[in-house]
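Please look over the chain shown here, together with its sequence.

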Amino acid sequence: MASSSGNSSGSPQIQHSGSEENLQELMDQRKRKRMQSNRESARRSRMKKQKHLDDLTAQIAQLRNKNNHILTSINLTSQDYQKMEAENSVLKAQIMELSQRLQSLNEILNYIKHNNNPMFEDFQGYPESLINDEWNLMYFCQQPIMASAADMFYY
């Protein structure tokens, strides 16, 4: 009897133990699937993060390249600007010099005109407007006008 009661009580324990094992095995299987799914998700996340990092690195290289081109362009433009400034300064100095020369020549011509210089006797047949215009007068003289300050007062 004792053995029969042991058998009868043992059989439900085996069944109960078997369903626990099945349940445990099912839980372990789900746990392994979840772990595998998590690993796969983490791998995709790392790949996505690496791709983003690679994209940012490429963008940095591209922006640095663009920045270098802009800096080169700025340097060339600055050099051109400095050349133009120097050229402009030279031209301004030439304008000043030529203006002073023209003023001096006009003063000499006015002095000569107003002091009845014999050089003006050659212009007797020309209209007054041609003679009074300093540029035309210089054309008619066809002699280089060279005078120092001492020569100007000599006349």
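The sections below go from the basis of the model to its overall make-up, and then to particular side chains.

## Basis of the model

This is a predicted model, in which local features need pLDDT of at least 70 and side-chain atom pairs count only at pLDDT 80 or more, while totals for chains, interfaces and linings use all residues. Residues are numbered from 1 along each chain as its sequence is written, and side-chain values use heavy atoms, with hydrogens and water left out.

## Overall make-up

The chain holds four helices and zero strands, where helices (H or I, at least four residues) and strands (E, at least two) are DSSP runs numbered from the N terminus. Read from the N terminus on, the order of the elements is α-α-α-α.

Of the 155 residues of the chain, 6% count as buried; buried means under 20% relative accessible area, exposed means over 50%, and partly exposed lies in between (1.4 Å probe, protein chains only). Contacts, meaning heavy atoms within 4.5 Å, join residues at least 24 apart in 47% of the cases among those between residues at least 6 apart in sequence.

## Surface and nonpolar patch

The accessible surface of the chain is about 13700 Å², and carbon and sulfur atoms account for 55% of that surface; such areas come from the Shrake-Rupley method with a 1.4 Å probe, and for residues only the protein chains shown count as cover.

Leu 23, Leu 26 and Met 27 make a nonpolar surface patch of about 280 Å². Patches are made of residues with over 30% relative accessible area and no salt bridge, with like charges joined within 9 Å and nonpolar side chains (Val, Leu, Ile, Met, Phe, Trp, Tyr) within 5 Å. Met 27 lies in helix H1 (residues 2–114) and is partly exposed, its relative accessible area being 47%.

## Salt bridges

The count comes to three salt bridges, each defined as a side-chain nitrogen of Lys or Arg within 4 Å of a carboxyl oxygen of Asp or Glu. In one of them, Arg 43 pairs with Glu 40, with the closest N and O atoms 2.3 Å apart; both residues lie in helix H1, three residues apart, about one turn of the helix. Arg 43 is partly exposed at 35% relative accessible area, and Glu 40 is partly exposed at 27%.

Lys 51 and Asp 55 also meet through their side chains in a salt bridge (3.1 Å, N to O), and because they are four residues apart in helix H1, about one helical turn separates them. Lys 51 counts as exposed at 52% relative accessibility, whereas Asp 55 is partly exposed at 41%. A further salt bridge joins the side chains of Glu 97 and Arg 101 (3.2 Å, N to O).
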